[in-house]
Amino acid sequence: MSKLAHAQWSSKMTFVLAAAGSAVGLGNIWRFSYMVGDSGGAAFVLVYLICVAVVGMPILVAEWLIGRRAQKNPVNAMAELAGQSGQPRAWALLGASGILAAFLILSFYSVIGGWSLSYTLNSVIGTFTGQDADGVSAIFGNLLASPGVLLLWHTAFMALVVWIVARGVTKGLEGAVRTMMPALVVLMLILVGYGMTTGHFGEALAFMFRPDWSALTGGVVLAAMGQAFFTLSLGMGIMMAYGSYLGEEVNLLGTARTVIILDTVIALLAGLAIFPIVFANGLSAGEGPGLIFVTLPLAFGNMTGGTLLGLMFFLLLTFAALTSAISLLEPVVEFVEERTPLSRVMATLAGGAAVWALGIAALMSFNVWDVPVLFGLNVFDLLDTFTSKILLPLTGLGAIVFVAWCLERKSVAAELNLAGGAEKLWHLVARYVAPIGVILVFVSSL
Ligand code: PHE
Ligand code: NA
């Protein structure tokens, strides 16, 4: 980031597209739906929505604000702003833990990106045509059972990410993001429409929105909060780094609202598309990480034009995953670039190779190495749990505490264009509600 530290986004639209490109990804479709299914439905969804609004929104704004003020990468930004406001430089640890989180997340994200790539190819060759529930489950089961095949797709996905980041063509992707997002929304709507024809749409609606509060455990609440951080790309310094390219004229609160609404709508549509298929075919909502890969092919395999729609869907999903993965690799590469004499290309290769290697341990968790390594979790679950439930919330907590407690209240209000009651509300939420919310969720899950 150093070289570009003072370059700014050419326009507000460019920034929104980059932030949305990072936010919208596998988290909305793959992770959201499987977490909802695993956690028993509506209670999770409602807590998730509350977390997005009350915790996610202020932290997103806080990360952008920190980045924009310092105009530096997250580690240096935190060190500098802390120094200016008389705080210990240890705040820079926030930037460092964010980089660690990005590294760990990308390793398993790439494995799932590989599944999406593999399903794109399977759609082209018509593998899903006319399959029933047993058929698609067997196809997915075969993929999981073959470490070599998983490795191939994980490698292909990582190679794409490394290639794009090394060439520095990230900015060139923004035009593609602009067309991809609406196309993805349209495809999700078509899938929701298909869900309505299954006769099980009402059941899915109730599953997602009529809460059975007895299902609400501390663990479910923590999972919902983790999902809110994951889906908005928070707690990794990514949004902070993006903020460092932002011009003064950009309205942070308004932009945050746009990105959050888009991200949330895509996740909810994914749920409304997937659960009717689950209920119509007697599948298990708690299927786990394979949920979208055993439900959506059923829809594509059995609807008119399904082959083409399936191909488009998995292509768009792969693309959304790529734009998120790029935003995950960037901070890792910048870190390597700044701390070593390596060139940008070599730093990208080195960072990418390290992520790739850890990803191998993650993909073996689905077959030859499906054994608990720590706290009863296999490597895949451990990476996912440690990042989304611990690292991201803690780093995000640090960002909001820093903005609300260490920066001058007046200057933050001015920067956010807030006055009067609106400013009081922001201050209350940023200073107390969001941080205490995060802490309470931690405590309640113990
Ligand atoms: N937010 C992305 C998603 O929902 C994942 C991601 C997490 C991307 C963290 C960047 C940083 O898929
Ligand atoms: Na997301």
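Mentor: A polar contact is a pair of N or O atoms within 3.5 Å. Keep that in mind as we look at this predicted model.

Trainee: What makes phenylalanine 230 a polar contact of ligand 1?

Mentor: A polar backbone atom of phenylalanine 230 is 2.9 Å from a nitrogen atom of ligand 1. That value is within 3.5 Å, so the pair counts as a polar contact.

Trainee: Which serine residues have polar atoms by a nitrogen atom of ligand 1?

Mentor: Serine 22 has a backbone N or O atom 3.3 Å from a nitrogen atom of the ligand, and serine 233 places a polar side-chain atom 3.0 Å from a nitrogen atom of ligand 1. The protein covers 100% of the 320 Å² of accessible area that ligand 1 has on its own.

Trainee: Now the metal. Why is the site of the sodium ion (ligand 2) called octahedral?

Mentor: Six donors count as octahedral if opposite donors are over 155 degrees apart and all others between 65 and 115. The sodium ion has 6 donor atoms with angles of 78 to 174° among them, and the site is classed as octahedral. Ideal angles for six octahedral donors are 90 or 180 degrees.

Trainee: Which residues coordinate the sodium ion (ligand 2)?

Mentor: Ala23 (O), Asn28 (OD1), Thr231 (O and OG1) and Asp263 (OD) do, at 2.2 to 2.5 Å. Alanine 23 belongs to helix α1 and aspartate 263 to helix α12, so the pair ties together parts 240 residues apart in sequence.

Trainee: Are alanine 23 and aspartate 263 buried or exposed?

Mentor: Both are buried, which means under 20% relative accessible area.

Note on methods:
Residues numbered from 1 in each chain as written. Chains lettered and ligands numbered in written order. Predicted model: local features only at pLDDT ≥ 70, side-chain atom pairs only at ≥ 80, totals over all residues. Heavy atoms only, no water. Donors = N, O, S within 2.8 Å, 3.2 Å for Na, K, Ca; no water. Tetrahedral: all angles 85-135°; square planar, octahedral: opposite > 155°, others 65-115°. Helix = DSSP H or I, 4+ residues; strand = E, 2+ residues; numbered from the N terminus. Buried < 20%, exposed > 50% of the residue type's maximum accessible area, 1.4 Å probe, protein only. Polar contact = N/O pair within 3.5 Å; in protein donor to acceptor, adjacent residues only side chain to side chain. Areas by Shrake-Rupley, 256 points an atom, 1.4 Å probe, with all protein chains shown as cover.
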